[in-house]
Amino acid sequence: MATSAAESQGLEVENKGTTSRRKSTLAERRKSTAVIDEASAAILEGGELSDADRRLAEMGYVQVYKREFTWMSCISFALSISGLWASVTTTFIYPLEAGGASSAVWGWLISGFGCYCIALSVAELVSAYPTSGGIYFTCKYLVPEKWVPEISWLVGWLNLIGQVAGVASTEYGCAQLLLAAVSMADDFRGYTPTDRQTVGVMAAIAVFHGCLNSLRTSILEKITKTYVVFHVAVLAACCITLLVMCDNKHSSSYVWTEVVNSSGWKPNGWSWLFGFLSASWTMTDSDATAHIAEEMKNPEIKAAWSIAIAVGFTYVSGWLYTIVLAYCVGDIAEKLNNPVAQPVAQIFYDVTGRKGGIFFTVMTFIIFNFGAMVAIQAGSRTVWAFSRDELLPGSRIWYKINSWSGTPLYAVWLFVTCCILVNLIALGSYTAIAAIFNLTAIALDWSYTIPIICKLLYGKFEPGPFHLGRARPFINWWAVIWTTFVTIIYVQPTVRPVTKENMNYVCVFIVAVALFAIIYWYAAGRFYYVGPRVKAQLVVGVEGEDNKPFAGSSIDGNMPGGLEAHERPSDSSGQDRAAELDGQSEK
């Protein structure tokens, strides 16, 4: 039998008869990891689709969202995820405590390179398979068919939990910064925020971000594209102001070579390594832009390049900003004992005075708000994409699209609710919340690393327009090695001696996540989850009276993307069928 067009593009071709949506036994389920339900799969005519919509249909999905994100908004979205200036500001405490200024500057340079290798590896995968499922969906094409359900299940849950942890910590950071500005207004004398107040403000901010994400995509696009200009302007203004106004800068010898160990770990070199957390947390969630791939034109190009450009800018600019902070940090012990647990806010206050400190702290708060807003958009699209594949409990609810906004409102508010619930941990232990930062980097990085390992081991990967060329093996393997190395560091307590108050609870969270995924898989998931599903069947032509083959079809009658050829229904067009089946509009 001749090779089909699908096979020539590296796409799977399904056998006829795989119509069951649920597999009663493990053996039956393994027969197909991309189940087609002919009763509900939308039938789309290729000639009526744009290139992006056709490619999506080849991968088994119907286009639901409007493609309204431009180049500017895509790059701005990718940069917003890192929240560069605000993220460095709120995580600077970790290298400062671990080894002082030298841990901050060298830790960012070293850790940032490893993170950028991860981001480039992710961008290459996203270019080849651009869907709202992000890196999770790529498992369908990277893994041997019989293992697609298990591996995509693991990657999916790691990615989703990592995003929830990341947004939860971002929302908490927003609350800390806002209350720090209030405390600063009183010269840190009369008001010190309590954990309850921080959690309450966090919840209010998260609800506000949820309301923004309930708006139409066109509105979100306009809000997002304003961010990059604002962010760069604030970053440049802050660096210039600190360098000009700081009268007591540290020497270069102190900044680049002096180790100030405030963590209690011995030897100093081991403590110094904990400074990697700042860059790793800031530069993670690199696949977030992929989760809006179905909301942009040419996603195989825009999504991948946006990731590469934004993370590259974050790497270089974040390092420069960290160097500025290191020179202007002043007395490290004083900064670590800051009453609002924000050393950079204290730096602003000491260098620029009360008004300047309040201004830059509020700017940090605003930038963090941008980051949280787009992160919720990415997270809600992840929930929606997973529900499309029936990975989550209650998938039929979270998959619904609101008829007015054209966005998955139920998915948005589920994601926001989960973030708020996670932050309730702060009512019991602030140290446990600090571990959420670690969980973000670990869960997200491993959700990227597992598909990268599969790409290297199984050799099934077919690159898209964005690819790494001959550098691919080096970049991919370094991403794997780096993730393995830093994971060992992140699970350690950040200070000694270890008590129940300062324990690094990320170990507990990791075990809980692993147990949840495993138990849920064996209890229920393995009986219904079959990996990324096929929700669309593509028709590229209509057979004429002379019984000639369909235009663009292969000799064996199979269509690109593993979709079986069908005649176009006479009573409705493919677009009508798509709207009927996948819109599922909430009235």
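Predicted model: local features only at pLDDT ≥ 70, side-chain atom pairs only at ≥ 80, totals over all residues.
Trainee: Is Cys 419 buried or exposed?

Mentor: A disulfide is a pair of cysteine sulfur atoms within 2.5 Å, and the structure holds 0 of them. For Cys 419, the nearest cysteine sulfur belongs to Cys 418 and is 6.9 Å away. With a relative accessibility of 2%, Cys 419 counts as buried.

Trainee: How many helices and strands does the chain have?

Mentor: Helices (H or I, at least four residues) and strands (E, at least two) are DSSP runs, numbered from the N terminus. Of the 587 residues of the chain, 60% count as buried. By that assignment, the chain has 24 helices and 6 strands.

Trainee: Which helix gives the largest share of the nonpolar patch?

Mentor: Patches are made of residues with over 30% relative accessible area and no salt bridge, where like charges are joined within 9 Å and nonpolar side chains (Val, Leu, Ile, Met, Phe, Trp, Tyr) within 5 Å. The patch here covers about 710 Å² and includes Phe 113, Leu 457 and Trp 478, with areas taken from the Shrake-Rupley method with a 1.4 Å probe, only the protein chains shown counting as cover for residues. Helix H21 (430-458) and helix H22 (472-490) each supply at least two of its residues. The largest share, 4 residues, comes from H22.

Trainee: Which residue forms a salt bridge with Arg 388?

Mentor: A salt bridge is a side-chain nitrogen of Lys or Arg within 4 Å of a carboxyl oxygen of Asp or Glu, and the count by this rule is 10. Arg 388 is buried at 1% relative accessibility. Its partner, at 2.8 Å from N to O, is Glu 294.

Trainee: Why does the salt bridge between Glu 295 and Arg 381 tie together parts of the chain that are apart in sequence?

Mentor: The side chains of Glu 295 and Arg 381 meet at 2.7 Å, N to O. Because Glu 295 lies in the loop between H15 and H16 while Arg 381 is in helix H18, the pair ties together parts whose separation in sequence is 86 residues.

Definitions and conventions
Residues numbered from 1 in each chain as written. Heavy atoms only, no water. Buried < 20%, exposed > 50% of the residue type's maximum accessible area, 1.4 Å probe, protein only.
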